[in-house]
Amino acid sequence: MLRITLLLLLVSQAPVESPEVKKELAKHQGVWATESFHRDGKDTPDAIARSITRTVDGDHVVWKRNGKSFSGSTIVLDPTADPKTIDILADGGPARDKRVLGIYKLEDDRLTICTSDADQPRPKDFKAEKDSRRTLMVFKREKAK
């Protein structure tokens, strides 16, 4: 009986994706090449930024540099918020078990994401100025081969 109660409790707390979230998540699928990467007011050199891709499969993201995986995360989108929000849950590393809060805008094949460091408030704008503890990333969808 205890097992059934625990199972019911876990199922009742599982997130339910709305049709809006499913539709929005579908727009994020695929491989995204980095166009620019700014952190705390500093630009990442183009050669490094452009070597990074993010591949979205379902709600999971795999980050690669020069084709080699270096990180993974789960994303949670809220397309009804203004601006739209994204929460990132790292698979490992220092941010594991922490929620990284961000905002995003998706315009055709261009995706802009602004995140705060873990345990920091969600950004309200798309800026990553000096000492803001924010990251601003711009991606372009790669065409299917």
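The dialogue below concerns how to read a predicted model of one protein chain.

Reader: How many helices and strands does the secondary structure of the chain come to?

Author: The chain has three helices and nine strands. Read from the N terminus on, the elements follow the order α-α-β-β-α-β-β-β-β-β-β-β.

Reader: What share of the 145 residues in the chain is buried?

Author: A residue is called buried when its relative accessible area is under 20%. Buried residues account for 32% of the 145 residues here. The accessible surface of the chain is about 9400 Å², and carbon and sulfur atoms supply 55% of that surface.

Reader: Why is strand β9 described as largely enclosed by the rest of the structure?

Author: The term buried again applies under 20% relative accessible area. Strand β9 spans residues 134-141, and six of its eight residues are buried, so the rest of the structure largely encloses this strand.

Reader: Which strand do seven bridges join to β9, and in what direction do the two run?

Author: Strand β1, residues 30-39, is joined to β9 by seven bridges, and the two run antiparallel. Within this pairing, Phe37 stands opposite Met137 of β9. Strand β8, residues 110-116, is also joined to β9 by seven bridges in an antiparallel arrangement. There, Leu111 faces Phe139 of β9 as its opposite residue.

Reader: What percentage of contacts between residues at least 6 apart in sequence join residues at least 24 apart?

Author: A contact requires heavy atoms within 4.5 Å. Among contacts in the chain between residues at least 6 apart in sequence, the share joining residues at least 24 apart is 40%.

Terms used: Residues are numbered from 1 along each chain as its sequence is written. This is a predicted model: local features need pLDDT of at least 70, side-chain atom pairs count only at pLDDT 80 or more; totals for chains, interfaces and linings use all residues. Side-chain values use heavy atoms; hydrogens and water are left out. Helices (H or I, at least four residues) and strands (E, at least two) are DSSP runs, numbered from the N terminus. Buried means under 20% relative accessible area, exposed over 50%, partly exposed in between (1.4 Å probe, protein chains only). Accessible areas come from the Shrake-Rupley method with a 1.4 Å probe; for residues, only the protein chains shown count as cover. Two strands pair if DSSP finds at least two bridges between them.
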